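Please look over the structure below before reading my comments.

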Amino acid sequence: MPDSGPDFTVKIAETEAELRAAQALRYQVFVKELGAGGDLVDHEAGLERDRFDPFFDHMIITDNRSGEVVGVYRLLRDDQAKAAGQFYSEDEYDLTVLKASGRKLLELGRSCLHRDYRGGTAMFHLWSGLAAYVAEHRIEILFGTASFHGTDVQALAQPLSMLHHNHLAPPDLRVRAQPAHFQTMDLVPVDQLDRRRAMLAVPALIKAYLRLGGFVGEGAFVDQTFNTIDVCLVLDTARMNERQRRIYTGERGA
C-alpha cells in the first residue's frame, strides 16, 4: 500500500490533515445524512470522531482528479485494541469467542463513501486496499458492526430475521450482543419470511460481507446515539472459497 490507479489512491492516513478529511467525510455521512450524534462530534468544525480514533488505522480513498477524500474505512488490529483497552464493538458485543481463538483479528468500522461515489468503482478500490492490508498483516478473522438506519426493530423484523435464520455464525465465530442490550433477531418464523423483501432491506455493505461468506453474530444492538440498529459481521478468511477469495482480492478467474 498505497494502491494507486488512474482515478483513485487508497492509503492509510498519515497526517493530521488526512485524518481530519476522513472525519469530515464521516460527519457528512453519519451525522448530516443519517442523524448520528456522539460526545466528541464537533459540529462547528464538521468532524465525526471518538476516543478510539487515535488507535485505529484510517484507510482513505482519494479522488486523484479533485484531491478529495471520498471514502474511509477504520481498522483496528489486536495490538492496537490492547493499546486502546478494548475493541470498539465490545461495548455492543461479547467478543470472547474471537479473542480466545488465538487467531489474528481485525476490527472494521466507520465505512462510508461520499454520496457522489456510491455505486461506482470507488468501493471496489477500497475493498482492494483492505485485502492488501489483510494480507500484509496476516489477518485471519475480520469483524465489525454494520448498521441498518433507524431504531424501529419491528420495521426491520424481516431482514433481521432473515440474517438470523440464514447467516448466523457457527459456534466458534458466534459473538453475541451484550446481555444488557441484547435485541433478538429471531422476530419472524422461517415459514413467514419474505426473502426477497428482506434482502431488499439489507444495506449494501452487509450484502457485500454475505457474498464473501460472512456471518452475523447472535442478537442486534439498538444504537440510539447513532440512530441505527447494529449487527456484528464476522468473516473468517480460511472459510472463503476460491470464488469468494477472487471477489475479495479483485483477482480474475482463469
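Predicted model: local features only at pLDDT ≥ 70, side-chain atom pairs only at ≥ 80, totals over all residues.

1. Residues are numbered from 1 along each chain as its sequence is written, and side-chain values use heavy atoms, with hydrogens and water left out.

2. A salt bridge here is a side-chain nitrogen of Lys or Arg within 4 Å of a carboxyl oxygen of Asp or Glu. The count by this rule is 20.

3. Glu 33 lies in helix 1 (residues 16-33) and Arg 115 in the loop between strand 6 (105-113) and helix 4 (122-137), 82 residues apart. Helices (H or I, at least four residues) and strands (E, at least two) are DSSP runs, numbered from the N terminus.

4. Arg 110 pairs with Asp 50 in a salt bridge, with the closest N and O atoms 3.1 Å apart. Arg 110 sits in strand 6 and Asp 50 in the loop between helix 1 and strand 3 (57-63), 60 residues apart. Both Arg 110 and Asp 50 are buried (under 20% relative accessible area; exposed is over 50%, partly exposed in between; 1.4 Å probe, protein chains only). A network of salt bridges links Arg 26, Glu 48, Asp 50, Asp 53, Arg 74 and Arg 110.

5. Val 10 belongs to strand 2 (residues 8-12). Val 10 counts as buried because its relative accessibility is 1%.
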